[in-house]
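Have a look at the model first.

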Amino acid sequence: MAMMCPTGICPSMERGTRMVDMLSHGFMQRALVAGLIVGTLCAVVSVFVVLKKLSFIGAGISHSAFGGMALGALFGVNLTFSAMAFCVGVALLIGWLSRRGGVSEDVGIGVVFSSSMAMGVVALGFSGDYTVDLFSYLFGSILAVSSSDVALAGGTLAVALVVVVALFKELLAYCFDEEWAMVRGINTRLIQDILMVLLAVTVVVSIKLLGIILVSALLVIPGAVGRVLSENYRGQMALSLAVAQVSTVAGLYISYRFDVASGASVALVAAFCFFAAVAWPRRRA
Amino acid sequence: MSNLNIVEVEGLTVILGGCVVLDDITLNIRAGSFTGLIGPNGAGKSTLLKVLLGLIQPVRGTARVFGHAPGGSHGLIGYVPQSANTQDSGFPVSVQDVVMMGRLGPDRIGGLYNQADRDATWEAMEGVGLASMAKQRFGSLSGGERQRALIARAMCGGPRLLLLDEPTTGVDVVAQDDFYNMLTRLKESHKITIALVSHDVGVITSMVDDLICLNQKVFLHGPPGEALKDGMIGKAYGSQTEIVMHGHDVPHRHLPVHGEGDENG
């Protein structure tokens, strides 16, 4: 059975329902490779997002990417790089606000997140002649992934893995007991900033595939499933990787097969995994 | 125990949120001593510990730990925070993982744990009687066992000064006895100095070499036998409590002076 692309973007394309048919298309090969890379990246970062309870920060940073992209469009800068710079800035700003005190962390995130989105809308308004496929950026698209996106995601993953492996025990101690880590002389401010930057770059390289709105699903759910099902962080990491990869591959297939936004299909598969994990009978020591 | 002071605090004033928490206090902690810090809620006991750890900056006065400004002696200080401050019970780490964190420090950022770390971790767990629970999830331990694990974490780094912030909160009376005996044993075997914040006035006064009673200011400072004379505890606690002496050198319960039979033990 074959079907025509209902979006009209690729009117001459015929879609087979088998995975092998899916992989016969160059754009799907790129999307799948990017998906596996992004899934791994999100899974690793997700563990720390869940351990340190940073879910709302992840959502805040991902939404602020919209502001970064819109500013890039306004000034004619590459959207990915403008979003990267903007998100890293926002991530560090959120980290600074949480350390500074005076306002609670969630208030700080809420202000940064909404003002970034507002800035994005204003910037898009000023860049009137710029046409952006907003839907793709908000919800992800398998057609949007280019070879350079795959290369960027691969490079980011390599750097992120080196950082996480090198600082794993410090990151774990920071998540477990920040004050105590500080007493031991660990530079918790630097560790927090590193984690924030990791979050920001993960968001940006995931946007093409998962979308600004839905990237936070893979920043939270894989680590959350691991946390629900595992008694230790090693198991949590392994399960997080498994859930992220299954969600990405299955989500991309659903996106291809039914022509829905890839971010939505990946997020839904991940959410299914989460609810299945919560419902799974388990025994806690 | 020597007369050398490893902690020296002089004219220290701390203001938090516009309130004076510590007001011009001067005290010291002798090397090799077991010092108890007591006082009513909000007296500034935990704040003093946090000043010594470099977590809170005073507005006036100085504090020296091992001759350095607070925060400059990370490897020499072991810290056991209040149990309530240490994470949720679902955090996915084993007892061994937690204790091994005691090997971390500013001089060894990055890399993996080595055999020396694992040996020190095992020794620390044996020292507090938790070796058999090494693989158990930290959050599954009882309150007393958790505190012992956190002491093992502090001891794992080979400290010379152990600071404990209300370590027996939420621990039952029998476990408290074991806990204090274990601390005394660790102090002797590792030749360390211990300073402990506690609300258990009766128990603590029977265990320590020196007693410091705080309530913004220092009300008592010295060996408990001398310090408890003259009703200073009552003054520090706002005349609500008094120490009842059982025989000689055995100070015990504190009673509400105006209470009607509601003894605290």
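## A covered helix and an enclosed strand

Helix α8 (residues 168–176) of chain A is mostly covered, with eight of its nine residues buried. Buried here means 20 or more other C-beta atoms within 10 Å of a residue's own, with C-beta atoms placed from the backbone. Helices (H or I, at least four residues) and strands (E, at least two) are DSSP runs, numbered from the N terminus. This is a predicted model, where local features need pLDDT of at least 70, side-chain atom pairs count only at pLDDT 80 or more, and totals for chains, interfaces and linings use all residues. Residues are numbered from 1 along each chain as its sequence is written, with chains lettered from A and ligands numbered from 1 in the order in which they are written.

The buried set in α8(A) includes L171(A), L172(A) and Y174(A). Those buried residues pack against α2, α7, α9, α10 and α12 of chain A, a contact being two C-beta atoms, placed from the backbone, within 7 Å.

Over in chain B, five of the five residues of strand β6 (residues 161–165) are buried, so β6(B) is largely enclosed by the rest of the structure. L161(B), L163(B) and D165(B) point one way, while L162(B) and L164(B) point the other.

Who are its neighbours? Two strands pair if DSSP finds at least two bridges between them.

| Partner of β6(B) | Sense | Bridges |
|---|---|---|
| β5(B), residues 77–80 | parallel | four bridges |
| β7(B), residues 193–197 | parallel | five bridges |

Notes:
A residue is buried if 20 or more other C-beta atoms lie within 10 Å of its own, exposed if 12 or fewer, and partly exposed in between; C-beta atoms are placed from the backbone.
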